[in-house]
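Please keep the sequence and the coordinates at hand as you read.

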Amino acid sequence: MQEAIARHVRDGDVVVIEGFTHLISFAAGHEIIRQRRRDLTLCRLTPDLIYDQMIAAGCAKKLVFSWAGNPGVGSLHAFRRAVEDGTLELEEYSHFGMVARFSAGAARLPFWSLRDYAGTDLPRVNPRIKSVTCPYTGEALATVPALNPDVTIVHAQRADAQGNSQIWGLLGVQKEAAFASQRVIVVVEELVDEGVIRADPNRTVIPAAIVSAVVVEPWGAHPSYAQGYYDRDNDFYVAWEAISREGRSLQQYLEEFVFGVRDRADYMRKQPMLAGALKARAQFCAGVNYGF
């Protein structure tokens, strides 16, 4: 992970760490914080805890998004403080507006048209949302510009050494974000032989041709989840409300669990629920054979 971030994530980059509650690469976000990257434009449909941490650590100058919060719990307090202090620039879209931006970027089109934003104030506060007249019907359509990140980081269940990456479960827009990006880092729970990938090709969401680096990082999505490997750590999301509410307690968290660890394995040794999670995973693996 250290090598992948050092090589592919640079100050001033447009960075995407996608994942719709599922397969969010917290491990990559923590390494970006440890390497003290600055002036990043962070993009994602639903920035949650990892972007809150990166904002608190001073990594971000701008957030491009469609919704921000701690899912099922409340606000992102570092995000809110940065907005109120005027230190974080915002560029807001609807969910489908962000999907459309990634889709245009993946297709190498300059923009994407959509029936959206009618009756909303978003075009007023976001001048990048424009409109065109359909040449076939004369209808006025909203448009959003293509989003082509410098680097997209995707967490996946498994990949081979060439970077053919397989994901199952809730997908979000990982595929579109990866295809839209200049560089792609895939973080996986396990590295498997090429034969395993070829035997189950429908799971291959991201092909080797667009992958810049593969990082094997078990538990790299914690506290989000990796279907078939571990569940979402809901207690962590609830705890984050209190941790992040004050800048001092959030900085203490970063010092202990991000700057204070060498790598992801060290981080996981500090998690109070790790023993139970490892036991549950061992029981799952011993009792169920899905042919993974």
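The sections below go through a sheet, some helices, the cysteines and a few backbone features.

## Ground rules

This is a predicted model, so to speak of local features a pLDDT of at least 70 is needed, side-chain atom pairs count only at pLDDT 80 or more, and totals for chains, interfaces and linings use all residues. Residues are numbered from 1 along each chain as its sequence is written, and side-chain values use heavy atoms, with hydrogens and water left out.

Helices (H or I, at least four residues) and strands (E, at least two) are DSSP runs, numbered from the N terminus. Strands count as paired if DSSP finds at least two bridges between them.

## A sheet of three strands

Let us begin with an open sheet of 3 strands, which has the order S5-S7-S6 and antiparallel pairing. Strand S5 (111-114) and S6 are at the edges with a single partner strand each, so one side of each has no neighbour in the sheet. On average, neighbouring strands of this sheet are turned by 40 degrees against each other, direction ignored. For angles in general, axes are lines fitted to C-alpha atoms (for helices, over the stretch in contact), and values run from 0 to 180 degrees between N-to-C directions.

S5 and S7 run antiparallel and are joined by 4 bridges; across this pairing, Leu114 stands opposite Ala142 in S7. Helix H5 (residues 95-107) packs on the sheet and touches S5 and S7, its direction making about 140 degrees with that of S5. Contact here means heavy atoms within 4.5 Å. Lys130 has Thr143 in S7 as its bridge partner. The hairpin of S6 and S7 has 6 residues between the strands, and Gly138 in this hairpin takes a positive phi near 80 degrees.

## Val99 in helix H5

Which residues does Val99 touch, not counting residues up to four places away in sequence? They are Leu45 and Val173. Val99 is found in helix H5 and counts as partly exposed, at 21% relative accessibility. The cut-offs are under 20% relative accessible area for buried and over 50% for exposed, with partly exposed in between (1.4 Å probe, protein chains only). Val99 and Ser66 are 33 residues apart in sequence, while their C-alpha atoms are 9.6 Å apart in space.

Helix H3 (residues 49-56) is mostly covered, with 7 of its 8 residues buried. The buried ones are Leu49, Ile50, Tyr51, Asp52, Gln53, Met54 and Ile55. Just after H3, Gly58 has a positive phi of about 85 degrees.

H9 contributes Phe236, Trp240, Ala242, Ile243, Ser244 and Arg245 to the contact, and H10 contributes Gly247, Ser249, Leu250 and Tyr253. These residues divide into 6 nonpolar, 3 polar and 1 charged. In this grouping, Ala, Val, Leu, Ile, Met, Phe, Trp, Tyr, Cys and Pro are nonpolar, Asp, Glu, Lys and Arg are charged, and the others, Gly among them, are polar.

## Cysteines

How many disulfides are there? The count comes to 0, where a disulfide is a pair of cysteine sulfur atoms within 2.5 Å. The closest cysteine sulfur to that of Cys43 is in Cys59, 14 Å away, which is too far for a bond. Cys43 is buried at 0% relative accessibility, and Cys134 is buried too, with a relative accessible area of 15%.

## Backbone features in the loops

Most residues other than glycine have a negative phi, and most peptide bonds are trans. Leu23 has a positive phi near 60 degrees; this residue sits in the loop between strand S1 (14-17) and helix H2 (26-34). Is Leu23 buried or exposed? Leu23 is buried, at 0% relative accessibility.

Asp39 also has a positive phi, of about 60 degrees, although it is not a glycine. Asp39 lies in the loop between H2 and strand S2 (40-44) and is partly exposed at 45% relative accessibility. Finally, the peptide bond from His222 to Pro223 is cis, with omega near 15 degrees, and Pro223 is in the loop between strand S12 (213-216) and H9.
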